[in-house]
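Dear colleague,

Here is the structure I said I would pass on. Please keep it open while you read the notes below it.

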Amino acid sequence: MAGSYWDKFTKQRISRRRALQSAGVAGAAAGAIWVVGCGGGDDDDGGNGGNGGNGGGDGKPVRGGRYSVGSAADFDTFDPYIGIAASVGYFPRLYNVLVNYSALDTSFEFFDLATGYEQPDDATYIFTIRDGVKVSPNALGVPERNLDAEDVVVAYDRIKTLPQSNAAAFINKWLASHEASTDKRQYTFNLPSPYYFFRNRIGSPINTVVPKEALTDANIGKLRSQAAGAGPFMLRDYAEGTGATLDRNPNYYRRDESNNNEQLPYIDGMDVKIITDRAAIRTAFQTGQLSVYTGETVDESLQLAQGQNYTQVKDPVNTFLAFTMHPEKAPWTDERIRKAANFAINRQEFVDKVYNGEAQANGIFHWPLGDLALPEDELEEFQRYDPAEAKALIRAATGQDTVKIKMMYPAESTIEQHSLHLPIFLQQLKDGGFDVEEDPQAFGTWLDNYTNLNYECSLALNQVYEYAEFNMDWQHSEGPARNNIYAVGIGKLYPEIDEEIDRVKGITDPEEFKEAVHELQRTIFEKGPAFLPLVSPYAITLYQPYVKNIPQGIGASGLYVNTWWIDQA
Amino acid sequence: MQTYIVRRLLIGAIILFVLSVAVFILLRIVPGSDPAELRCGLNCTPEGIKQAREEMGLNDPYVVQYWDWLSGVFTGDLGTSVVNFRPVGDSIKARFPVTFELMVLTLIITIVVGIPFGVASAVWKNSPIDYGVRVSAIFGLAVPSFWLATLVLILPATWWGYAPPLGAGYIHIEEDLWGNLKQFVPPAAVLAVGSAAGVMRLTRSSLLEVLRQDYMRTARAKGLAERALIVRHGLKNSLIPVVTVLGLQMAGLLGGAIIVEQIFTLPGLGAFTFEALFRKDFPVVQTMTLYAGITVVLLNLLVDISYAWLDPRIRYS
């Protein structure tokens with residue numbers, strides 16, 4: 001997903017976090033979400049386990065009403081295999097995945113197009129296709145029929161032909177072969193070798209299944225502004241620069257078992273409004289034109305909520321700024337200099353000054369990933385703030401008290417509080433013995449240089465990483481998308497790191513995986529990482545009081561849960 | 001007059017040609033993200049980017065690329081957006097009415113506010129009215145439209161929980177007049193503040209100049225009523241510089257509309273151009289620059305022609 005982040009920045013200059021958050025009730029990039037001042041407790045998502053809603057005090061579901069969302073980014077297409085930016089957050093609304101797992105709540109599984117799967121071995125998944133997943137009425141002429149295994153085959157085959165597809169990295173690398181059974185009720189996915197992140201990948205919005213008739217030559221171009229799927233909603237219309245209107249899919253298969261098998265979703269539809277200006281989105285929410293708003297900071301949300309009856313959902317955000325060092329360019333080739341940078345950074349200062357305490361320090365894995373990140377006490381040792389040690393390392397490496405470095409950064413960015421991080425970061429480097437030659441660059445220029453590794457080091461904007469694979473791949477020689485873009489991993493210097501990353505990905509036992517991931521992080525710290533995530537903050541998403549049963553604690557998986565409702569009585 | 005118009009149009013065509021060439025070249029030499037990378041998207045391999053460059057014709061010589069684009073313009077094919085692959089012509093067609101209405105409304109407010117207050121300021125020179133108008137005009141000229149737009153959006157929302165329709169798309173005037181006015185009057189008023197202030201000041205100074213002319217004194221001596229004197233003889237003769245400035249302002253407002261459309265979430269050409277510029281969406285930026293150029297050329301021509309109506313002594317040949 002790293003690439004999509006930058007494509008998105010280039011196109012829209014909003015964070016994917018916001019695109020996803022605005023896309024659904026879930027607060028999609030969430031980690032452990034909890035509700036402040038709203039009914040607690042768990043509620044069922046409709047029958048597949050997990051905790052899809054806050055339930056509790058929200059009462060009996062009400063049918064009807066429309067949910068209004070502001071999106072800072074426009075839809076580029078409704079083709080899930082090439083769509084990025086705002087579109088991604090709506091693919092789960094329009095289409096189906098085989099199964100979705102939450103990266104944040106491992107107990108949450110959402111069987112969608114598949115009712116389950118068998119694993120004859122660690123590298124083979126045989127999915128049983130659900131009967132009755134029926135395509136919605138649509139303008140593409142796709143018949144209102146049930147999806148089957150052949151649709152999955154056609155969809156994933158198409159991804160293989162699209163080098164630009166978001167899902168191409170996964171499908172091309174991990175789909176060794178696949179087939180539909182003769183009766184089209186079973187779909188088999190063969191991996192070349194066991195792969196820990198298969199469940200995360202297969203359930204991603206960019207791997208949703210589009211009916212094969214919509215992927216014909218005659219229809220494929222029409223997916224720019226139309227859609228046909230069997231998801232909970234159907235696309236009524238889309239107007240460029242204005243937004244999209246989604247209506248409830250009358251053919252949607254899912255029912256709420258906890259409420260007399262009522263058909264889901266409860267709401268009549270969603271209105272997605274393209275509002276590119278942040279002040280305008282906030283104003284639209286304040287004046288009741290939008291149902292949901294995520295503040296730029298926790299403080300902003302709290303201020304906005306003062307005296308109001310909004311439902312507040314506070315969650316950790318899977319995004320961060322990072323310090324990236326080119327491991328093949330001096331002085332960063334020397335592990336002592338990389339380690340010096342690590343010790344020069346006072347992460348707590350960012351927590352206190354940028355986020356008013358509403359953030360936490362990251363290690364190699366950012367803290368919202370839960371126990372895959374190293375325990376706090378261990379992290380405090382590996383990345384302690386110790387400018388004296390930083391200076392000592394620099395002296396040992398260069399024989400001088402300071403080392404000259406050239407650092408580029410996007411000059412005009414306000415994204416993710418970048419402008420607030422920058423002066424603190426520069427001062428910290430200076431205090432740690434770095435003589436920084438600043439190289440502020442226009443965003444596009446910076447991005448070009450960052451993408452093509454045309455720099456020595458950078459204070460870099462980064463994206464949402466909902467599961468740990470990207471953290472690992474940032475340390476890999478081929479980079480986070482494994483296509484040599486943004487590739488600053490110390491795997492370039494230590495091939496054993498690359499080998500270890502690949503080995504760890506093949507571990508399928510969760511406990512064993514966690515231990516291996518921890519060990520991997522320790523090894524990387526010992527060798528001096530060239531990619532250092534700084535801190536990840538919290539965010540508060542505000543909902544109008546009429547939005548009920550908000551999914552929580554499951555991150556982006558909340559986009560698949562449709563048990564929420566609107567009660568404007 | 002006809003010869004004059006034809007000559008002006010020819011000069012306009014040359015200006016547009018130079019403008020389009022300059023924009024075409026500048027877009028290709030400025031550093032920044034490669035449109036082929038944008039089109040190719042995530043996980044794109046160097047081969048994929050190469051293929052995208054080929055498909056987009058970016059490997060062709062500039063002359064060929066320019067000719068392809070220009071011939072498309074003449075045949076009505078404005079190309080396809082690099083970013084969303086949609087025809088540029090369709091996007092412009094959908095967005096043009098929004099910007100057009102915004103411009104027209106802004107012009108109306110500018111004239112309705114700027115000229116009467118400018119006249120009042122001149123007629124009651126050095127009175128409290130004059131001082132009030134002049135102070136207001138300075139305020140209007142000094143306040144940047146993006147700041148004013150943000151205030152106009154935020155303050156009513158904070159105080160009274162009111163905001164114009166945001167993200168509602170284009171509310172067509174024939175479908176919902178009241179909704180349309182709610183949507184367009186605030187941004188048009190914001191845009192008009194600066195231009196009305198300029199018009200106010202210019203009307204005042206221009207009218208004062210005219211009021212000092214001998215023929216005005218003669219008209220007054222002949223016993224002409226003060227209102228007729230000012231409106232028929234004074235105002236009309238003082239309008240030439242005002243019309244000139246109005247024409248320039250309307251052209252300049254296209255720039256202001258970029259920000260104001262963003263803030264008020266109007267799906268017009270301003271927001272469209274802004275996004276395209278940021279994304280380096282070549283076909284869109286080129287077309288929009290040409291469109292802006294055509295607008296400026298035509299507005300200037302219109303202004304020049306209006307001189308003849310305002311002052312019959314002016315003859316074109």
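A residue is called buried if 20 or more other C-beta atoms lie within 10 Å of its own, exposed if 12 or fewer, and partly exposed in between, with C-beta atoms placed from the backbone. The model is predicted: local features need pLDDT of at least 70, side-chain atom pairs count only at pLDDT 80 or more, and totals for chains, interfaces and linings use all residues. Residues are numbered from 1 along each chain as its sequence is written, and chains are lettered from A and ligands numbered from 1 in the order in which they are written.

Strand E2 of chain A (residues 66-71) has five of its six residues buried. Helices (H or I, at least four residues) and strands (E, at least two) are DSSP runs, numbered from the N terminus. E2(A) pairs with strand E13 (residues 269-274) of chain A in the parallel sense, over six bridges; two strands pair if DSSP finds at least two bridges between them. Ser71(A) has Ile274(A) in E13(A) as its bridge partner.

In helix H4 of chain A (residues 149-160), the buried residues are Ala149(A), Asp151(A), Val152(A), Ala155(A), Tyr156(A) and Ile159(A). Seen down the axis of H4(A), they fall within an arc of 155° and so line one face of the helix; the arc is that of the directions from the helix axis to the C-beta atoms. They pack against strand E6 (124-129), helix H5 (168-174), strand E7 (177-180) and strand E8 (186-190) of chain A.

Chains A and B also touch, with 40 residues from chain A and 37 residues from chain B in the contact. Two residues are in contact if their C-beta atoms, placed from the backbone, lie within 7 Å.

Regards
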